[in-house]
Amino acid sequence: MVTVYGNNVEMGERAYFTIPVGELAHKAVVEMPVIVVAGKKKGPTLWINGTVHGDELNGSYAAWELSREINTENLAGNLIVTPVCNPVAFECRNKTSDIDNMDMDTAFPGDPRGMLTQRIAYLVYEEIKKHADALISFHTMATPYSADPYSVRKIVPGVSKQINQTAEGMQRAFGVATNCLVDLRSASNELPGVTSGALDITCLKDGIPAFMGEMGQGGKIEDSYVNAAKQGILNVMSYLSMIGEEIIKPYKQILITKRKFLRSNCGGLATSNVRSGEEIKAGGSLLDIHYYGDQINSYCAETDCYIIGIRENPIVNTGDRVAFVGTEWSEWQ
Ligand SMILES: [Zn+2]
């Protein structure tokens, strides 16, 4: 039996419940859903977290579908899914909530006396870390970008070799073609949530192997990315010996060891013909920006680059991110 937030789940059973995480001004109670699938056999507990950013849906959706389909007779260990880790941002259909505008993936391990986002982070982490032997933290790129699924693993100072090895094994098994390794000792040009207070970083520091699955685009549920996430979860479960299925992944996996955002130096309308997963040679065209006049600003690749994500919503201001690219990568042998 496993007891999560005081709810007892017997081996071989599934449970769904919600826990109150705060109250709005008009007294509405904010609830966060939790799914527990307890295997018939003993084994590790895999925590699947989603929607820490309120509009990032594909991974959670995959975990929910899988939690209903999986045969608990053949399952060794438990799945714990927190599909809407940030219900207040979920309600806003946005990365953060209007209540405190805080990025929850900079807020872990949370603060029980902090702002609402910090308090919810605390309520989630404090309970689930007691159970979790491994974490998949699901994200997507923000809604203005299109990107094929990719994974991200971080090298965090002070984390043991063994934890890093397991995290690497999980990331590889997850099985998507594009994979990033971010060394926090040298990472630059990253968004704040990538480098501090993120759930995966916090787990790694606490001895829980973790990586992030970035499954497409925010603000929508896309079948092909949901299916990639489902296969990825099953692959990780196989790697952790929770199920007996074979690991299924693409023939070629890419490991990106340096990456950066390209930002616009002007405003206007951006159009591009490149796609996520493409390799562009130095000097190759990335995108054009114009304001319906004769002047067209062309952005070319300064170095060889691998397209992780590209601007899809074309309206850009100075400083907006127009592409997310790998600048050092190799085939993952
Ligand atoms: Zn995110």
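A residue counts as buried if 20 or more other C-beta atoms lie within 10 Å of its own, as exposed if 12 or fewer do, and as partly exposed in between, with the C-beta atoms placed from the backbone. By that rule, buried residues make up 46% of the 333 residues in this chain.

Keep in mind that this is a predicted model, where local features need pLDDT of at least 70, side-chain atom pairs count only at pLDDT 80 or more, and totals for chains, interfaces and linings use all residues. Residues are numbered from 1 along each chain as its sequence is written.

**The whole chain**

Let's start with the big picture. The chain has 7 helices and 19 strands; helices (H or I, at least four residues) and strands (E, at least two) are DSSP runs, numbered from the N terminus. Its radius of gyration is 20 Å, close to the 20 Å that the globule rule gives for 333 residues, so the chain is as compact as a globular protein of that length. That radius is taken over C-alpha atoms, and the globule rule is 2.2 Å times the number of residues to the power 0.38. Along its principal axes, the C-alpha trace spans about 70 × 55 × 40 Å.

Two residues are in contact if their C-beta atoms, placed from the backbone, lie within 7 Å. Among contacts with a separation of 6 or more, 71% link residues 24 or more positions apart.

**Two domains**

The domain assignment, which is automatic or from a database, gives domain 1 (2-239) and domain 2 (259-331). Their C-alpha centres lie 29 Å apart. Where they meet, domain 1 and domain 2 put in 11 residues each. On the domain 1 side, β8 (145-147) and β10 (178-183) each supply at least two residues, and β8 gives the largest share, 3 residues.

**Strands side by side**

Two strands pair if DSSP finds at least two bridges between them. Here are some pairs:

| Strand | Partner | Bridges | Direction |
|---|---|---|---|
| β10 (178-183) | β12 (254-263) | 3 bridges | parallel |
| β12 (254-263) | β19 (321-331) | 9 bridges | antiparallel |
| β13 (268-271) | β15 (285-290) | 3 bridges | antiparallel |

Leu255 shows up in two of these pairs: in β12 it is the bridge partner of Asn179, and it also stands opposite Ser330 in β19.

**A loop residue**

Where does Ala177 sit? Its place is in the loop between α4 (161-174) and β10. Ala177 is partly exposed, with 18 other C-beta atoms within 10 Å. Not counting residues up to four places away in sequence, Ala177 touches Pro250, Lys252, Gln253, Ile254 and Gly277. The C-alpha atoms of Ala177 and Trp332 are 9.4 Å apart, although 155 residues separate them along the chain.

**The core**

A nonpolar core is a set of buried Ala, Val, Leu, Ile, Met, Phe, Trp, Tyr and Cys residues joined through C-beta atoms within 7 Å. In the largest one, with 95 residues, Leu46, Ile48, Leu135 and Ile233 touch the most other members. Leaving out residues up to four places away in sequence, Ile233 touches Ile48, Ala62, Ala63, Leu66 and Ile136.
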